[in-house]
Each structure stands twice: as structure tokens, then as C-alpha cells.
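Dear colleague,

I am passing on a structure that I would ask you to read alongside the notes in this message. Please look through the sequence and the coordinates before turning to the findings below.

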Protein chains: 2
Amino acid sequence: MDAVLAKPNSVADFVDFQTAPSRYRHWKLSIENRVATLAMDVQEEAGIRPGYKLKLNSYDLGVDIELHDALQRVRFERPEVAAIVLTSAKPRVFCSGANIYMLGLSSHAWKVNFCKFTNETRNGMEDSSVHSGLKFIAACNGSTAGGGYELALACDEIALIDDRSSAVSLPEVPMLGVLPGTGGLTRLTDKRRVRRDLADVFCTTPEGVQGQRAKDWGLVDAVVKPQEFDAYVKSRALALAASSDRPSDARGVELTPLKRTIDVYGYHYRYVDVALDPQRRTATLTIRAPESAGPDSIEEILTAGAEWWPLQMSRELDDAILSLRINQLDLGLWVFKTEGDWKNILAVDAVLVARGDHWLVREVIGMMRRTFARIDVTSRSLYALVGPGTCFAGSLLELALAADRVYMLDDPQCALALSDMNLGGLEMASGLTRLNARFHCDPARMDEVRDHIGNALGPRQAAQLGLVTFTPDELDWNDEIRLAIESRLAFSPDAMTGLEANLRFGEHESMESRIFGRLSAWQNWVFVRPNAVGPAGALKVYGSGNRARFDWERV
Amino acid sequence: MDAVLAKPNSVADFVDFQTAPSRYRHWKLSIENRVATLAMDVQEEAGIRPGYKLKLNSYDLGVDIELHDALQRVRFERPEVAAIVLTSAKPRVFCSGANIYMLGLSSHAWKVNFCKFTNETRNGMEDSSVHSGLKFIAACNGSTAGGGYELALACDEIALIDDRSSAVSLPEVPMLGVLPGTGGLTRLTDKRRVRRDLADVFCTTPEGVQGQRAKDWGLVDAVVKPQEFDAYVKSRALALAASSDRPSDARGVELTPLKRTIDVYGYHYRYVDVALDPQRRTATLTIRAPESAGPDSIEEILTAGAEWWPLQMSRELDDAILSLRINQLDLGLWVFKTEGDWKNILAVDAVLVARGDHWLVREVIGMMRRTFARIDVTSRSLYALVGPGTCFAGSLLELALAADRVYMLDDPQCALALSDMNLGGLEMASGLTRLNARFHCDPARMDEVRDHIGNALGPRQAAQLGLVTFTPDELDWNDEIRLAIESRLAFSPDAMTGLEANLRFGEHESMESRIFGRLSAWQNWVFVRPNAVGPAGALKVYGSGNRARFDWERV
């Protein structure tokens with residue numbers, strides 16, 4: 001499928017986020033009526049990188065890529081599934097978290113990318129629980145440690161086996177000198193509402209908490225004797241499924257393999273093209289509108305299936321974003337462009353809005369939402385360029401609204417357009433629409449914008465509405481864009497990451513935005529401190545028999 | 001005043017947060033009727049540390065200590081002042097921000113402590129604006145850069161002189177490779193509601209923005225011609241003062257010098273004692289209750305003045321916290337104890353509540369609030385020990401509620417008590433009371449707690465209400481406390497900082513908590529990255545004529 005690879009990565013190093021159930025090595029997916037069971041059964045020898053063994057159901061990025069794929073399959077291919085049981089196929093261990101040797105061997109960028117993708121997958125589970133009636137139960141049938149417990153925290157319910165040895169634990173702080181950084185700390189307080197002093201004790205007790213105390217502290221929802229465990233989990237899964245509005249009798253849509261070519265110039269898909277420019281350190285992402293308005297009825301949409309534009313486009317864009325993030329670390333600026341007829345996008349958006357109560361349309365909107373939400377938390381500078389022939393309209397206008405800056409050529413041929421999809425359905429991780437985030441929820445500005453839905457907005461109008469940053473004329477355009485790109489890429493990449501992470505998320509927060517903001521920022525800090533990653537840092541010496549040596553200064 | 005100093009600092013290195021107007025070197029305070037003017041006039045040669053010159057009204061910790069002191073003087077000693085004009089006594093420059101050479105020379109811990117104190121002083125201005133009717137106007141009569149603009153952002157209004165050269169700017173990202181990290185990014189979005197793409201342009205334009213554009217973008221409230229500037233500022237200050245409920249005819253309370261002894265054993269004040277244990281790496285803070293219920297009428301309170309217990313205790317505690325933070329970096333655990341009769345504290349609290357509409361009582365509550373709020377953002381582990389003779393009651397119960405864990409001896413002689421001060425007035429930076437933060441705003445838990453106000457709560461009851469973490473009995477007490485202290489101090493100090501910063505602030509956020517959380521965490525990360533502080537990092541090479549060299553990887 002994939003051909004030659006652009007620098008600086010070799011083909012062998014290319015991290016591919018595409019997979020399929022036939023290729024899974026770490027998960028077993030089984031479905032019985034309305035309940036799917038995803039059993040973790042990690043193959044020790046099958047790490048995505050060499051140098052470590054995935055013992056005791058510990059995971060790395062490869063394990064998470066399969067989990068993400070499996071969730072997508074259930075969402076689209078098995079609409080009758082209304083509850084997913086996450087459990088382990090191994091004895092006595094549910095999951096022991098992110099592989100520590102992998103973390104010790106990894107570069108800072110790898111650790112951060114890995115954590116980000118893991119977070120997004122878990123947030124995606126909660127997104128499906130809230131929006132799509134797909135409920136999750138963690139059946140912790142053995143030791144549930146670190147990232148394993150963080151995975152359980154992302155579920156709607158947690159059942160822990162009461163076998164006098166299996167505990168839930170977050171041993172990162174005491175054992176590794178890092179944080180439970182894939183949502184653990186945030187979900188303990190925000191979601192589970194564990195009292196902060198008990199959370200403190202829990203997070204500093206490497207052996208964790210089991211039995212009734214785990215339930216009393218709010219760490220799990222139930223502790224269940226081994227002989228009753230399977231029946232309990234099944235009954236809870238059925239109860240959760242019964243509360244779901246996923247259809248019990250629908251036919252699914254197969255997620256056919258993406259057609260993708262990768263060459264020295266970039267990544268090429270049907271509706272998405274990524275041009276890599278390693279010299280300039282930019283990636284240009286061009287997203288194409290559909291060739292026509294496309295299907296209107298549910299029957300036609302089901303027939304189009306994975307080829308329906310909003311689904312195919314967002315699957316392609318999702319893959320492009322994930323591939324760029326981890327494979328092209330040096331490309332510090334992504335330039336968004338669009339191509340095609342904006343009226344076709346508004347036509348698709350109208351169908352998305354009108355048919356949004358159908359399970360498939362709802363899933364497609366969810367897929368778009370989660371894909372676009374990746375952009376907001378991507379640590380790259382983002383520009384959107386609006387010129388003649390571009391179609392930043394409706395759903396695709398979100399790309400411009402996600403950008404740090406929008407440049408629009410002051411030419412009557414150029415237009416933007418709003419649709420109802422800009423008013424809801426494609427929210428950022430903070431839970432706000434990008435328009436609301438942009439205008440700080442100012443009702444007057446929002447009313448003004450709402451009055452223009454469906455119209456072609458020229459440069460003056462777009463500027464006056466506050467939708468674009470600058471509108472240079474043709475004389476200035478080339479110089480201004482060149483300068484804007486060059487100056488951006490001369491700045492410290494770290495300062496850019498911090499700047500963008502603060503400005504993209506303003507005053508509104510959610511559990512998700514706090515995971516990407518407060519928690520991840522602290523974890524990133526810990527991840528570069530000698531106390532964690534120096535020669536005698538806790539993460540480095542783990543398992544060596546040596547004790548970590550710390551600089552005792554508190555900062 | 002101060003004697004020998006405990007290790008590891010020498011007397012010469014001891015950073016003292018106490019000062020008085022007669023000793024100011026950097027600020028000129030003048031008062032005319034209801035308007036005070038604080039004019040910045042930084043003495044180049046008077047840095048708090050050697051090695052740099054404070055040119056162009058740039059500041060360091062010493063400048064900020066004076067600002068903090070001056071604000072305290074106005075709050076307490078000059079109650080008739082209702083508006084403060086912050087301006088510059090130097091020509092053409094308002095303030096050029098934190099001194100860059102100082103930052104380049106400073107350790108990570110110094111930078112972080114410096115930023116934290118600066119943030120607290122600015123948050124304190126906003127706290128006074130909201131709660132005490134003390135309004136602030138930044139009269140930017142010259143170039144307003146970096147931390148200078150961040151100081152202006154903390155004011156209620158910003159006036160910029162329109163002299164065709166003075167701009168407001170945040171040049172940290174483009175020039176230094178660090179963030180506008182003392183609230184700048186957060187206040188741009190949360191407080192000034194600047195559109196995020198314009199904020200992006202502003203923060204990446206080293207020369208900043210001036211004139212009408214600064215007003216259009218929301219960066220300032222007014223741009224005013226030089227010949228009209230003073231009159232405009234005066235009229236706005238008078239208008240702000242007119243809206244204030246500070247009394248125009250009240251007599252102030254002098255903030256007499258704190259009586260403090262510092263020796264090898266610790267810091268000793270009348271109501272606060274800090275015992276340093278460098279071997280064990282702990283500091284034990286003992287806070288004493290008043291000897292009696294104290295004054296009841298406003299007249300008696302005014303007579304007691306700075307010796308009124310809640311004011312004196314919190315001034316002493318404030319000084320102890322600030323001194324420990326920066327002078328005792330290795331003491332990773334603070335143990336809070338209390339001594340005295342809890343009934344006297346509840347009596348004081350009753351006066352605070354009953355007389356809270358009097359300006360002085362309001363200021364005292366504000367002082368307590370700001371002092372206690374420092375604890376929540378202190379990067380030290382915090383334990384509270386409740387034993388016989390302790391008096392964690394009402395206001396002082398906040399110390400236990402601020403702690404990461406509370407240990408209470410299971411002995412009928414031990415008691416806690418709640419007062420109305422635990423229900424409001426002493427909020428954390430997030431805007432929540434510590435009880436609400438503890439119970440995740442659960443109304444049932446809050447009702448339950450409210451029913452027990454004023455009662456002595458024994459160990460069983462305190463545990464059942466969720467106010468304490470553990471209640472060991474006398475047999476276990478010594479071992480359990482010793483183990484809890486020893487194990488805590490064996491953990492990575494950085495992981496502790498990240499853990500505590502996440503757990504102490506749960507799901508509720510405010511602009512202030514985002515400054516200490518999201519913004520500071522990202523800034524701390526940037527502050528240890530080679531792109532900022534490596535040999536060729538932007539902060540290190542500034543002014544050397546050399547260009548910074550960056551690792552272009554985006555993380």
C-alpha cells in the first residue's frame with residue numbers, strides 16, 4: 001500500500017495508524033447480540049518498536065492503534081452493539097499500563113505523541129458514550145495498574161474482581177517519578193469525584209487499592225467475587241445496552257481500507273493531499289470538496305458507505321494528521337487549503353443536520369468532530385489560506401477556525417461560507433464550538449454570524465465578521481504569506497507549542513481540555529526533568545536494580 | 001532584625017519579602033485624595049541579585065516585593081484611596097518587563113518562584129478590585145513590553161499614550177523563546193477577550209501594537225494623545241474611585257514591622273513558628289490561636305490594628321510561606337500544626353463574618369484569603385497533623401483543608417471545628433471554597449457539613465464527614481506519621497509538584513487557576529527546554545549578538 005517515504009523517516013520507521021481486525025495482534029473482538037467484548041491479550045514480542053517486551057498486558061502505541069481501530073469498527077460496522085466490555089484475556093492481569101521500558105527508551109517527542117493519541121482514543125470512548133449511545137464497562141478481572149486503570153477510568157463503569165489480590169493502582173508517581181498523565185489525575189477528580197486527599201494517598205501507594213476500599217473511595221463502581229464476576233459484567237453490559245439508542249437491527253458500513261499513496265512529495269488520498277516541504281519545514285494539507293452534493297436519503301448514504309464524502313474525507317484527514325504528527329516532527333507549520341465547490345459542502349452539511357438522528361449520520365458527525373478536535377491539540381502552527389477556488393465552507397470552515405491565523409485574498413472571487421454545522425456538532429475538546437471559542441461566547445457576535453449562514457462571504461464581510469485574520473490584496477499576498485510562514489518557522493518550537501496551547505483554548509474548560517492542558521503540560525515538564533529521564537532518573541533506572549537519584553529541590 | 005540563617009542559605013542570600021516605603025528604591029507612591037499613583041522608577045543598579053542592570057524599568061523580584069508592599073500599604077494604611085494609577089516615572093517607557101539578563105542567569109527554581117510571586121501580586125490586584133472596591137488603571141505613558149504589559153493587564157483599565165512610538169507588546173515568544181507566562185496569555189483571552197488569531201499575531205510581533213489598532217484589538221481601553229494623557233488618566237481614576245465603596249473618611253491601620261527572629265532552628269513570629277529540619281527535609285509550621293476572643297467592636301478592632309490576631313497571624317504566615325518557598329527549596333514537605341483554644345478562633349471568625357462590611361474587616365479577610373491561596377499553589381507536599389491541643393477550627397481549618405492529607409489522632413481530646421468562614425470569604429484561586437473543592441460541590445455533602453458549624457468534631461465524626469484522611473490511634477500514630485513523612489520525601493520532587501498541582505485544583509477553574517495551571521505548567525516546561533535555556537537557547541544568547549539555535553522538532 002505505501003511506497004517510498006519522505007525524509008527524515010525511512011520506510012521502516014514510518015508509523016502507520018491504519019490496521020484491520022485481521023491484523024490485530026493484541027486485542028480479541030467478539031460480539032454477542034448487543035454487547036461487544038474487547039479482550040486485551042498483548043503479544044509480548046510484538047512491540048511497535050524494538051527493544052522491549054510487552055509483558056503483563058502492558059501497551060505501546062501499536063496496542064493503542066489496534067484499540068482505536070477496533071472502536072471505529074464497532075462504531076460503524078456493528079451498529080447493533082450498544083455496550084463494549086473492555087477486559088483481559090490474560091490470567092490475573094487486566095492491564096499493567098504503558099510499557100515502562102518503552103517509555104524509558106523513547107524520545108520526548110515519542111512519549112508526548114503516544115500520550116496524546118492514547119488520550120484521544122479514551123476521550124473518543126467518552127465522546128461515543130455521550131453522543132452515540134455506545135457505553136463502556138471496564139471488567140477489571142485482574143491487576144489494573146497505571147495506564148490500565150486510566151483506560152478503565154475512561155469507561156462508564158468499572159468493575160473490579162474481588163480476589164484478594166487484584167487492585168487498581170496508579171504507581172507512576174512512586175515508582176517512575178512521572179504522572180498518571182493519560183487522563184488519570186484529571187478523571188480521578190473530575191469524573192470519579194474522588195476526594196483529593198484520598199486521591200493523593202491512592203496515587204502515592206504503589207500497590208494500589210482493592211476490595212471494598214476501592215469502592216468506598218469511588219475508584220471503582222463495584223467489587224465482585226470471582227465466581228460472580230462474569231455474570232455481573234454481563235448484566236451490567238446488558239443494562240447499559242438497554243439504555244442505549246443504538247439500533248438493534250441496523251446494517252453496518254464497512255470501513256474499507258483507505259487508498260493512500262506515500263511518496264517523497266507527501267501523502268495522497270482521494271479527498272486529502274499532504275504536500276511535505278522539508279526545506280521550508282511546512283506541510284500543506286489540501287482538502288477537497290465532494291464532486292457533487294452526494295446522497296440525500298439514508299438509503300443512498302448507506303449505499304455510499306465509507307465513500308460518503310464526510311466519512312471518507314475525515315478518515316483520510318484523521319490518518320494524515322496522525323501520520324504527520326509522529327512521522328514529520330520537524331514540519332512546524334501546517335498550511336490548510338481547500339479545493340472545490342463550496343455549495344457541495346453546504347449540501348452535505350444540510351444532510352448531516354437533517355439526518356443527524358440516524359445512527360450512521362450521527363457516527364459520521366462524531367468522526368468529523370473527533371478528527372477536527374485532533375487539530376486543536378496538535379503541536380504545530382496552523383495557517384489557513386483562503387484564495388480563489390478554495391471552499392472553506394461549513395464543516396470545512398472548521399479547519400480555518402481551528403487555525404492560528406486565517407489569510408484571505410482580498411479578491412471578489414474568494415468566499416467563505418457558514419453552515420449550521422458551525423453552530424454545533426463539531427465542538428472542540430473544551431466542549432465549545434470553534435465560533436463560540438473565537439468570539440468568547442459573545443451572544444451579539446454569534447447572532448451576527450448566525451444571520452449569514454448559507455451566504456457566500458467575501459473578504460470584506462469575512463473580515464468584518466471576524467472570521468479571518470488578514471485580507472491582503474493581490475499585490476501584497478505573496479510577500480505577506482511568505483513572510484508570515486518564514487517568521488513563524490524562525491521561532492522556538494517549544495514557545496510556539498506553549499503559546500498555541502494557551503490561545504486555542506480560552507476561558508472555557510472541560511475535563512478533556514484539562515487533560516490536554518493542565519495535566520499534559522505538567523507531564524511534559526516532568527518528562528524532560530532529570531529526576532525522570534536523567535541517567536539516574538526514575539524512569540531510566542526502572543527495572544535495573546538501581547535506585548533513582550533525585551535533585552531534592554522543589555520547583 | 002534577622003539573625004543567623006539556617007542552611008542551606010547564607011545570611012547574604014536570604015530573600016526577605018519584608019520592606020517599607022522608606023526603603024523603596026523602585027517605586028514612588030503619592031496620594032491625592034482618593035487616587036494613589038504608583039510610579040515605577042526602577043534603579044538600574046539595585047537588582048536583588050548581582051549580575052544584571054535593571055534598565056528601562058525592567059524588574060526583578062526586588063521590584064515586585066516593593067510593589068506588593070505598596071499595595072498592602074494602600075489597602076490597610078490608606079483606606080480613603082479607591083483607585084490606584086500604575087504608571088512610570090521614566091520618560092518614554094512604562095515598563096519593559098522582567099529583566100532578561102536576570103532570567104538568563106537564574107536557576108529554574110528562581111524563575112518559577114519569581115513568576116509565582118509576580119502572579120500572586122497581580123491576582124491580588126484583581127482580588128482587591130472585585131472584593132474591596134480598590135480599582136486599578138494602567139497609565140502606559142511609554143513603551144509597555146512583556147511583563148510590563150502583563151502588569152497592565154492585571155488592571156481594570158489600560159490607557160496607552162498615542163505618541164506614535166509607544167506600543168504594548170508581548171515579545172517573549174519571538175525574542176526569548178519563552179511564554180508571556182505571568183498571566184499574559186491567559187488574561188489576553190480570558191479577561192480582555194482578544195480574538196485568538198489576533199492574540200496570536202500580537203504575541204508573535206516583537207514590536208507590538210500601538211494606536212488605534214491596540215484599541216480595536218481590545219489590547220487597551222483607550223489610546224490618548226500625549227497632551228491629553230494626564231487629564232484622561234485622572235478623569236478615569238476619579239470615575240473608578242467614584243464607583244468604589246472604599247470609605248473616603250476612614251483612618252487607616254499602620255502595618256507595623258513584623259517581629260521575626262530567624263535562627264538555625266527556623267523562623268519565629270508571635271503567632272507563627274516555622275521549625276526547619278534540613279535532615280528530614282521538612283518544615284513544620286505551627287500557627288497559634290489568639291489568647292482571647294479579642295476585639296468585638298470596630299473601634300476595638302481599629303485600636304488593635306496590625307495586632308488584631310487575624311491580621312497579624314496572616315501577615316506572619318504570608319511572610320513564612322514566601323520565605324520558605326524561595327529560601328528552603330529542599331524542604332519538600334510542610335507539616336501544619338496549630339496550638340491554642342479553638343473557641344477563640346471561632347469567636348474571631350464570628351466577628352469577621354458579622355463585621356465583614358466594614359472596610360478594615362473586609363481587608364483582613366482579603367489578606368487571609370490571599371495568604372491561604374498561596375498555600376494551594378505552593379510546590380511542597382502539605383500534611384496537617386491534628387492532635388491534642390491543636391485548634392484546626394474555622395479560619396485555621398483552612399490549613400488542613402489546603403493540605404494534601406490530614407492525619408487526626410483517634411483520641412477524644414482531639415477536635416476540629418467549622419465556622420462560617422469555611423463557607424465563603426477564603427476561596428482558593430479557582431474561586432471555590434476548599435470545602436466545595438473537597439466535596440466536588442456535592443450539595444448533600446455541603447449540607448451535612450453545614451449542620452456541624454460551631455461544634456467540636458471528634459476524630460470519628462471528622463472522618464465520617466470527610467474532613468480528615470486518616471485517624472490512627474495512639475498506638476499507631478508515631479509510626480504512621482513517620483512512615484507517611486519518610487515515604488513522601490522519597491518520591492521524585494517533580495512528580496510531586498505535578499501530582500499536587502492537579503489534585504488540589506479539580507474540575508473548577510478560573511482565570512487565576514488557569515494562570516497557575518495551564519499557563520505556568522507550559523512555561524515551566526519551556527523554562528527547562530534547551531531551546532530556551534541551553535547554551536544556544538534564546539534566553540541565554542539574548543543580547544550577546546549571537547542567534548539562538550533551535551532543535552526544530554515540535555513536541
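Buried area is the accessible area, taken with a 1.4 Å probe, that two parts lose on being put together, summed over both. In this predicted model, chain A and chain B bury about 8,300 Å² between them, and 58% of that area lies on carbon and sulfur atoms. On the side of chain A, the residues that lose the most area to chain B are A:Arg196, A:Trp552 and A:Arg554. Together these three account for 13% of what that side buries.

How are the two chains arranged relative to one another? Chain A can be laid on chain B by a turn of 180 degrees with a shift of 0.0 Å along the axis, and the RMSD is 0.0 Å. The two copies are thus related as by a two-fold rotation axis.

The contact itself involves 84 residues of chain A and 84 residues of chain B. Of the interface residues of chain A, 100% are also interface residues in chain B, so the copies meet through the same surface.

Several helices of chain A each supply at least two residues of the side that touches chain B, among them helix H3 (108-131), helix H7 (196-203), helix H18 (474-490) and helix H20 (511-527). The largest share of that side, 12 residues, comes from H19(A). By residue class, the side of chain A that touches chain B divides into 40 nonpolar, 19 polar and 25 charged residues.

One residue of chain A may also be of interest to you. A:His68 is found in helix H1 (residues 61-77) of chain A. Is A:His68 buried or exposed? Its relative accessibility is 13%, and buried means under 20%, so A:His68 counts as buried. Leaving aside residues up to four places away in sequence, A:His68 touches A:Phe117, A:Thr121, A:Asp318 and A:Arg374. A:Asp190 lies 122 residues from A:His68 along the chain, and the C-alpha atoms of the two are separated by 24 Å.

With kind regards

Definitions and conventions
Residues are numbered from 1 along each chain as its sequence is written. Chains are lettered from A and ligands numbered from 1 in the order in which they are written. This is a predicted model: local features need pLDDT of at least 70, side-chain atom pairs count only at pLDDT 80 or more; totals for chains, interfaces and linings use all residues. Side-chain values use heavy atoms; hydrogens and water are left out. Copies are superposed by least squares on the C-alpha atoms of residues with pLDDT of at least 70 in both. Contact means heavy atoms within 4.5 Å. Helices (H or I, at least four residues) and strands (E, at least two) are DSSP runs, numbered from the N terminus. Ala, Val, Leu, Ile, Met, Phe, Trp, Tyr, Cys and Pro count as nonpolar, Asp, Glu, Lys and Arg as charged, and the others, Gly among them, as polar. Buried means under 20% relative accessible area, exposed over 50%, partly exposed in between (1.4 Å probe, protein chains only).
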